[in-house]
Amino acid sequence: MRLADGDYEFEYNLMDVATMLRAYEPFISLATLSRASGINPQLLSHYANGSKKPRPQQRQRIVDGIHKIGRQLLAVV
């Protein structure tokens, strides 16, 4: 496989929640993510700043919230 052939894809796996939240911050506010995930915005802020680390279930709620927002954006016609 050569990159020049265009036969490649990228997959991002942001395991660290603070990094993940900061990566999507230009596109999704913590308030919006709070509404989509059901997680308190102040708690999301702690996660984003790295002062608290979420349990795996909370991390999954954040990922699910981002996916929910993405689906809603894709539904725009």
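User: Which residues line the second largest pocket?
Analyst: In this predicted model, the lining of the second largest pocket is made up of Met15, Asp16, Val17, Ala18, Tyr47, Gly50, Lys52, Lys53, Pro54, Arg55, Pro56 and Arg59.

User: And which elements give two or more residues to that lining?
Analyst: Those elements are H1 and helix H4, the latter covering residues 56–74.

User: What volume does the second largest pocket have, and how does its lining split by class?
Analyst: The volume of the second largest pocket is about 160 Å³, and its lining has six nonpolar residues alongside five charged residues and one polar residue.

User: Switching to the helices, at what angle do H1 and H3 cross?
Analyst: The axis of helix H1 (residues 17–24) and that of helix H3 (residues 41–49) cross at roughly 105°, and the two axes come within 7 Å of each other. Because angles from 65 to 115 degrees count as roughly perpendicular, H1 is described as roughly perpendicular to H3.

User: Which residues make that contact?
Analyst: On the H1 side the contact is made by Val17, Ala18, Leu21 and Arg22, and on the H3 side by Leu44, Tyr47, Ala48 and Asn49. The residues of this contact between H1 and H3 divide into six nonpolar, one polar and one charged.

User: How many cavities of 30 Å³ or more does the structure hold?
Analyst: The structure holds one cavity of 30 Å³ or more, and the space in the largest cavity comes to about 40 Å³.

User: What lines the largest cavity?
Analyst: Its lining consists of Leu21, Tyr24, Ile28, Leu30, Leu33 and Ile66, with H1 and helix H2 (30–37) as the elements that give two or more residues. By class, the lining of the largest cavity has six nonpolar residues, with no polar and no charged residues. Leu21, listed in this lining, is also one of the H1 residues in the contact with H3.

User: Stepping back, how many helices and strands does the protein have?
Analyst: The secondary structure comes to four helices and zero strands, and along the sequence the protein follows the pattern α-α-α-α.

User: What share of the residues is buried, and what share of the contacts is between residues 24 or more positions apart?
Analyst: Of the 77 residues in the protein, 27% are buried. Among the contacts with a separation of 6 or more, 54% are accounted for by residues 24 or more positions apart.

Conventions:
Residues are numbered from 1 along each chain as its sequence is written. This is a predicted model: local features need pLDDT of at least 70, side-chain atom pairs count only at pLDDT 80 or more; totals for chains, interfaces and linings use all residues. Side-chain values use heavy atoms; hydrogens and water are left out. Axes are lines fitted to C-alpha atoms, for helices over the stretch in contact, and angles run from 0 to 180 degrees between N-to-C directions. Angles under 35 degrees count as roughly parallel, over 145 as roughly antiparallel, 65 to 115 as roughly perpendicular and the rest as oblique. Contact means heavy atoms within 4.5 Å. Ala, Val, Leu, Ile, Met, Phe, Trp, Tyr, Cys and Pro count as nonpolar, Asp, Glu, Lys and Arg as charged, and the others, Gly among them, as polar. On a 1 Å grid over the protein atoms alone, a cavity is a set of points where a 1.4 Å probe fits but cannot get out, and a pocket is an open set with protein on both sides within 12 Å along at least five of seven lines; lining residues have an atom within 4 Å of a point. Grid points are joined across faces, edges and corners, and a volume is the space filled by probe spheres set on the points. Buried means under 20% relative accessible area, exposed over 50%, partly exposed in between (1.4 Å probe, protein chains only).
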